[in-house]
Amino acid sequence: MNKRTNIPQGSILRRISLFFKMIQRTTDDYYFATDIDENLITVSANMVNDFEVPSECFYDMDRYWTPLIHPDDLDGFYESMKIPESRKANIGHDYEYRVKNRKGDYVWVRCRGQYAFDTRTDKPFLFLGCIKKLAQRNHADELTGLLNKYQFEHAVKVALNRYRVDGTGGALMVLGIDNFKIVNETYNRHYGDEVLKLAAKMISDVLPAGVMLYKMDGDEFALVIQDVDTEKVEDIYGSIQKSFARPHNIDGKQFFCTVSCGTVLFPQAGKDYLVLHKHAEAALDLAKKDGKNKNCIFSKENYNRWIRSLSMRDDLRVSIERGCEGFSLFYQPQVSAKENRIIGAEALLRWRNPKGRMVSPMEFIRILEETKMIIPVGHWIFETAVKQCKEWQEINPDMSISINLSYEQIKDASFKDFVVDCLKRYEIAPEQIVLELTESTIVSDWSNINRQFDDFRKLGIRIAMDDFGTGYSSLAYLKNLSCDIVKIDRAFVTHITEKDNAFDRRLVGVTVDLCHSVNIKCCIEGVETEEEYALLRDICHADCIQGYLFGRPESPENFELKYFKGESTSAE
Ligand code: C2E
Ligand code: CA
Ligand code: CA
């Protein structure tokens with residue numbers, strides 16, 4: 001007989017149960033005590049009231065309580081309930097999980113318990129504890145239903161306690177949705193919320209059993225996992241990355257995004273929650289700075305790099321305040337594939353920091369974009385490039401200049417007026433200007449982007465889709481965006497001449513054909529060898545070629561020396 005309301009005579013649970021009755025009036029928490037040898041449990045009356053347990057005293061927890069626990073939380077529950085081998089190994093039980101109430105809803109609870117040990121046998125005989133309802137509003141994230149940052153902090157502290165007892169280390173992983181700000185701005189808050197809900201589910205679904213996901217501020221999630229090494233961490237991140245690699249549907253709109261991750265291992269990188277959390281956030285920031293869709297594992301070296309990026313932000317600000325001091329534009333030739341002659345140049349931004357070191361655009365452009373400093377710098381870039389175009393017009397009248405645009409600039413309403421004014425001041429025909437926008441930065445807001453593009457195109461300025469093929473749905477972009485030129489990314493060229501790579505050759509060829517069929521010109525980037533050039537020209541029918549074969553980006557002076565003073569375009 002499993003059901004029993006009377007606690008056997010002489011059982012220690014008798015007195016405990018009496019105590020529960022007394023304390024009940026002072027609290028809403030639930031109490032329980034388990035006689036381990038008998039597998040007999042007594043619980044406070046409110047627990048019988050709220051949950052499907054037979055009475056205040058029953059045998060066999062696995063029969064009554066365990067089935068009420070949310071299946072996703074079960075493995076972690078079992079893990080945390082493991083009976084300690086000895087008093088020394090007793091770290092107590094502390095676990096947050098969802099349990100079904102009598103209404104059939106899952107509620108979050110935090111269960112804390114302690115084992116009492118028999119001093120003679122060094123075996124636990126009693127398990128006693130308290131279950132607290134985690135008020136939805138205060139503790140769980142209302143949107144995703146996940147536990148929040150305070151619970152995360154608690155979970156990390158529990159993990160650190162375990163480390164102190166038995167030496168088991170672990171990792172904190174902080175995940176952030178890439179370009180979430182753009183998702184919110186492009187659609188609306190409601191859509192952004194749906195993205196967060198979906199992301200919470202996508203991440204939770206691929207986590208190892210028993211690992212809990214927490215919702216942090218904004219678009220961030222976090223988890224803490226014990227007994228892992230870097231390989232296991234990479235595995236976990238790899239499966240998250242994989243599940244984000246395909247598009248999903250939200251409100252009938254196709255949505256895709258990537259997730260970056262910052263990981264910190266303990267005890268290697270610290271033994272204190274605040275330190276670990278700060279380091280994980282720094283690692284996440286670095287993963288984003290390094291191009292997003294990455295996991296960055298914290299190291300001293302990485303941390304120093306992060307600190308440098310903060311001072312870079314200040315240095316950039318100073319440069320801008322001093323009229324874009326330290327910035328310059330380099331130019332890389334663009335060559336007509338058929339005629340092997342220069343038809344244009346792409347302006348590429350360079351920056352020398354106050355200490356005189358050249359910094360890679362990959363490093364500083366993201367900072368300019370994040371801080372919106374790209375807007376004043378973008379004006380400077382445009383004006384400088386147009387001025388250059390004017391100078392070179394004398395030498396090569398139909399040469400065009402391609403200028404890179406960040407998404408932030410497209411959104412800036414004053415940019416178009418500035419463009420019109422600039423072209424007028426320097427007497428440059430709009431046809432000589434190409435604006436390049438990277439495919440991967442555009443989310444899916446075709447109509448808004450197209451409106452902006454159309455405005456420029458109506459003026460006569462051409463639009464190029466940059467880095468084509470690196471985003472998620474390149475063909476959809478081709479179908480939806482109105483542009484004049486597609487720039488096929490270097491990634492497609494790198495292996496194109498390899499014997500067994502017929503696929504890449506066909507892919508480039510078919511893309512070029514497709515573009516031509518709708519009157520779009522194709523420029524291929526990153527061409528480094530004559531062999532690649534010949535193949536792209538003859539087999540793939542590319543219109544324009546850009547790459548180290550014809551020249552690296554050069555200062556205006558060197559560009560003139562090299563290309564306008566009678567030297568050949570081809571790198572022989
Ligand atoms: P991007 O627009 O795709 O520019 C082409 C990049 O590929 C340049 O790197 C160029 O130096 C490099 N490249 C060109 N040919 C070859 C080649 O044959 N082989 C290899 N390995 N690389 C080649 P860079 O100058 O470092 O610029 C990196 C990125 O920074 C640019 O990629 C662009 O996204 C961004 N950027 C540069 N200037 C500006 C700017 O003025 N405004 C904005 N918003 N972004 C810029
Ligand atoms: Ca470009
Ligand atoms: Ca490009």
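This is a predicted model: local features need pLDDT of at least 70, side-chain atom pairs count only at pLDDT 80 or more; totals for chains, interfaces and linings use all residues.
Residues are numbered from 1 along each chain as its sequence is written, with chains lettered from A and ligands numbered from 1 in the order in which they are written.

**View 1. Surroundings of ligand 1.** The shell of ligand 1 holds 22 residues, the closest being Gln332, Arg350, Ser406, Glu528 and Tyr548 (a residue is near if one of its heavy atoms lies within 4 Å). Polar contacts (pairs of N or O atoms within 3.5 Å; within protein, one must be able to donate a hydrogen and the other to accept it, and residues adjacent in sequence count only if both atoms are side-chain atoms) include one at 2.9 Å between a nitrogen atom of ligand 1 and the side chain of glutamine 332, and another at 2.9 Å between an oxygen atom of ligand 1 and a polar side-chain atom of aspartate 466. Of the 800 Å² of accessible area that ligand 1 has on its own, the protein covers 84% (Shrake-Rupley method, 1.4 Å probe). Two or more residues of the shell come from each of β15 (342-352), α12 (361-370), β17 (400-405) and β19, and β15 gives the largest share, with four residues (helices are DSSP runs of H or I with at least four residues, strands runs of E with at least two, numbered from the N terminus).

**View 2. The calcium ion (ligand 2).** Glu346 (OE), Asn404 (OD1), Glu436 (OE) and Asp466 (OD) coordinate the calcium ion (ligand 2) at 2.1 to 2.3 Å; donors are N, O and S atoms within 2.8 Å of the metal, or 3.2 Å for Na, K and Ca, and the site may look incomplete because water is not among the atoms. Along the sequence, the donor residues of this ion are spaced E-x57-N-x31-E-x29-D. Distant parts of the chain are linked here, with asparagine 404 in strand β17 and glutamate 436 in strand β18 (residues 433-438), 32 residues apart. Asparagine 404 is partly exposed, at a relative accessible area of 25%, whereas glutamate 436 is buried, at 1% (buried is under 20%, exposed over 50%, and partly exposed in between, with a 1.4 Å probe and protein chains only).

View 3. Aspartate 466 belongs to strand β19 (residues 462-468) and glutamate 525 to the loop between β21 (521-524) and α19 (530-538), 59 residues apart; both residues are buried.

**View 4. Glutamine 409 beside serine 406.** Glutamine 409 sits in helix α14 (residues 407-411) and is buried, at 3% relative accessibility. A polar atom of the glutamine 409 side chain lies 2.8 Å from the backbone nitrogen of serine 406.

Terms used. Side-chain values use heavy atoms; hydrogens and water are left out.
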